[in-house]
Each structure stands twice: as C-alpha cells, then as structure tokens.
Amino acid sequence: MKTSLLACFLFISGIALAQEESLEILPAEIQIKTAVLPAPDEAKADAMVYGYNKEGKLIVLRKGNNNLVCLADDPTKEGISVSCYYKKLEPFMARGRELTAQGKNFKEKREIRGEEVASGKLKMPEEPSMMYIFYGTDENYDKTTGDLKDGKFRYVIYTPFATTESTGLPSKPHAPGMPWLMDPGTHRAHIMVGPFN
C-alpha cells in the first residue's frame, strides 16, 4: 500500500514538474504586441502593458502615458485572450488579480470586491468605463510575430449599479452583436457587446 501511494505521489509530482517546465514565456516585445491588439490603433503605442517575466510573474512590461492599461495573454491558460481597459478601472482589476493570487474563486472575489465597493474602500469609476477584449485559439496564434488570426472582439462597458430600467438595455442578448446589461444593479454592472446571443 505504501509503495502504491509513493508511486502515485511521484507520478503526480512528475506531471506538475513537467507542466511547470513547459511554461513558455514569450519575449516582452511579443507579449506587448499581442496585448495591445484589442486597443484602438491610435492608443496602442502609448498604452501601459502588464505581462509575464521568465518566472511567470505578472509585471509591468511597459509604462504607458495614455488612458489604457493592457494585459498580455496568461501563459498558463488555454487559448489566447488579451484585454485593454480604461485606467480608472485599474484599482478594481488590480484587486481582482490580488484576490486570485490569494486563491479566491470567482464567487469569493465578487463578494469581497462588492463589500469593498459598498464600504468605499474600493473605488469604481463614476462614468462608463471601457474594456476591449480580443481572443482566439492557440493554433491561430503566431508566437514569433504576436499576431492572432481569426480572433474575435468583445467589448465591455462598466456602468456600476446600472439597471435595465435605468439604461433601457435587456439583461440578455436577442441577436448576435447586440449590447446587453450583465450583472444589473451591482457594482460590476456592465454592458456587453460581442459575438454571442
């Protein structure tokens, strides 16, 4: 029995080690090029960019001087997904990353940030705040150029505490590409626009 348990432990440890060793961190310039793909063309060159160092830790790859913050693709996740958001959302986004690093799940993060927004500890922008997302498959991604073929855009406009009554938006899409309000009435209420229905 002890031998079986030891063998099982060694097998699982070997898998974990192999996964850790296979984590590929792309050069900073490639991460930056991919990270800004969702942004409007005129904003790409001056956006702040977070990416990953060789240890897989999220760091600032480029300081920006406009109103956008962009996130490089997470090398631990399947597929390619990058985003850029209005810099006034940074406290909310940074707190989410901090809670993720603490091992909190989606529900826990939502509850904690909700309580912090309600208490005034965490500030959300008062005006609508934009987030651009571009995503696709690993097979369509060129690691040497940072280009993503056949990617799709999704747009998110954060409007804290907006409701279907206050906006006239539906709570679900009725046709592909139409805007709709997700999480109405909450601190994370946001208008979604994307290729789904």
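## A loop threonine and a disulfide

Thr 163 sits in the loop that runs between β8 (152–158) and α6 (164–167). Keep in mind as you look around that this is a predicted model.

Let's stay with that threonine for a moment. How exposed is Thr 163? Its relative accessible area is 24%, and because partly exposed covers the range between under 20% (buried) and over 50% (exposed), Thr 163 counts as partly exposed. Now turn to its surroundings. Leaving aside residues up to four places away in sequence, Thr 163 touches Leu 181, Pro 184 and Gly 185. Take Gly 185 from that list: Thr 163 and Gly 185 are 22 residues apart in sequence, yet their C-alpha atoms are 5.0 Å apart in space.

From here, move to the cysteines. How many disulfides does the structure hold? There is 1, formed by Cys 70 and Cys 84, with 2.1 Å between their sulfur atoms. This pair links distant parts of the chain, 14 residues apart: Cys 70 belongs to strand β3 (residues 68–71), while Cys 84 belongs to strand β4 (residues 80–86). As a reminder, a disulfide is a covalent bond between the sulfur atoms of two cysteines.

Which hand does the disulfide of Cys 70 and Cys 84 have? The torsion about its S-S bond is about 105°, so the disulfide is right-handed.

Finally, are these cysteines buried or exposed? Cys 70 has a relative accessible area of 0% and is therefore buried. Cys 84 is buried too, with its relative accessibility at 0%.

Key. Residues are numbered from 1 along each chain as its sequence is written. This is a predicted model: local features need pLDDT of at least 70, side-chain atom pairs count only at pLDDT 80 or more; totals for chains, interfaces and linings use all residues. Side-chain values use heavy atoms; hydrogens and water are left out. Helices (H or I, at least four residues) and strands (E, at least two) are DSSP runs, numbered from the N terminus. Buried means under 20% relative accessible area, exposed over 50%, partly exposed in between (1.4 Å probe, protein chains only). Contact means heavy atoms within 4.5 Å. A disulfide is a pair of cysteine sulfur atoms within 2.5 Å.
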